[in-house]
Amino acid sequence: MSKKFTLDLTTGKGVESDLTTDEQKILDDDSKAYADAAPARALERLREKRNILLVETDHFALSDQTLTDNMKTYRQELRDITEGLDTVKKCQDVTWPDAP
């Protein structure tokens, strides 16, 4: 069972006590929800980095410029990088393509 710390306003001191059954259930449910959302958070961080890398090469994709095949491949690899990533480990193990 987890502990909680409360402030006793009459003495001004902290008091340690066990969580009630209801408090423990809320903590367990919140902890599980946070853990279950870890892959989504990892994927969001990966997308943020990917989007920055795409923005850095957007000027090559303007209508008055022709993208090289290497740049097209690089940008497509960046767009495809999130496919099949459903665990934190897979997100952490991504191999980023090298910019041309």
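Colleague: How many helices and strands does the protein chain have?
Modeller: The secondary structure comes to 4 helices and 2 strands. Helices (H or I, at least four residues) and strands (E, at least two) are DSSP runs, numbered from the N terminus. This is a predicted model, where local features need pLDDT of at least 70 and side-chain atom pairs count only at pLDDT 80 or more, while totals for chains, interfaces and linings use all residues. Residues are numbered from 1 along each chain as its sequence is written, and side-chain values use heavy atoms, with hydrogens and water left out.

Colleague: What pattern does the chain follow along the sequence?
Modeller: The pattern is β-β-α-α-α-α. The radius of gyration is 24 Å, well over the 13 Å that the globule rule gives for 100 residues, so the chain is more spread out than a compact globule. That radius is taken over C-alpha atoms, and the globule rule is 2.2 Å times the number of residues to the power 0.38.

Colleague: What does the C-alpha trace span along its principal axes?
Modeller: About 75 × 30 × 20 Å.

Colleague: Where is Thr-66, and is it buried or exposed?
Modeller: Thr-66 lies in the loop between helix 2 and helix 3. Thr-66 is exposed, with a relative accessible area of 74%. Buried means under 20% relative accessible area, exposed over 50%, and partly exposed in between (1.4 Å probe, protein chains only).

Colleague: Confidence next. Where is it lowest, and where is it highest?
Modeller: It is lowest in strand 1, at a mean of 92, and highest in helix 2, at 96. The chain averages a pLDDT of 93, and 99% of the residues score at least 70. pLDDT is the predictor's confidence in each residue, from 0 to 100.

Colleague: How do strand 1 and strand 2 pair?
Modeller: Strand 1 (residues 3-8) and strand 2 (residues 13-18) pair in the antiparallel sense over 6 bridges. Two strands pair if DSSP finds at least two bridges between them. Lys-3 stands opposite Asp-18 in strand 2.

Colleague: Which residue in that hairpin takes a positive phi?
Modeller: Gly-12, with a phi near 75°. The hairpin has 4 residues between the strands.

Colleague: On to the inside. Which residues form the largest nonpolar core?
Modeller: Ala-42, Leu-43, Leu-46, Ile-81, Leu-85, Cys-91 and Val-94, 7 residues in total. Helix 2 (residues 38-57) gives the most to this core, with 3 residues. A nonpolar core here is a set of buried Ala, Val, Leu, Ile, Met, Phe, Trp, Tyr and Cys residues joined through side-chain atoms within 4.5 Å.

Colleague: What is Leu-46 in contact with?
Modeller: Leaving aside neighbours within four places in sequence, Leu-46 is in contact with Ile-81, Thr-82, Leu-85, Cys-91, Val-94 and Trp-96. Contact means heavy atoms within 4.5 Å.

Colleague: Thr-82 is on that list. Where does it lie, and what does it touch?
Modeller: Thr-82 lies in the loop between helix 3 (69-80) and helix 4 (88-92). Thr-82 counts as buried because its relative accessibility is 15%. Not counting residues up to four places away in sequence, Thr-82 touches Leu-43, Leu-46, Arg-47 and Arg-50.

Colleague: What about the second core, which residues does it include?
Modeller: It is a separate core of 6 residues, and they include Leu-53, Leu-54, Met-71 and Leu-78. Leu-78 is found in helix 3 and counts as buried at 0% relative accessibility. Beyond residues up to four places away in sequence, Leu-78 touches Arg-50, Leu-53, Leu-54, Trp-96 and Pro-97. Leu-78 and Arg-47 are 31 residues apart in sequence and 9.3 Å apart in space, C-alpha to C-alpha.

Colleague: There is an arginine in helix 3 too, Arg-75. Is Arg-75 buried or exposed?
Modeller: Arg-75 is buried, with a relative accessible area of 10%. Not counting residues up to four places away in sequence, Arg-75 touches Leu-54, Thr-57, Asp-58, Ala-61 and Leu-67.

Colleague: And how much of the whole chain counts as buried?
Modeller: Of the 100 residues, 21% count as buried.
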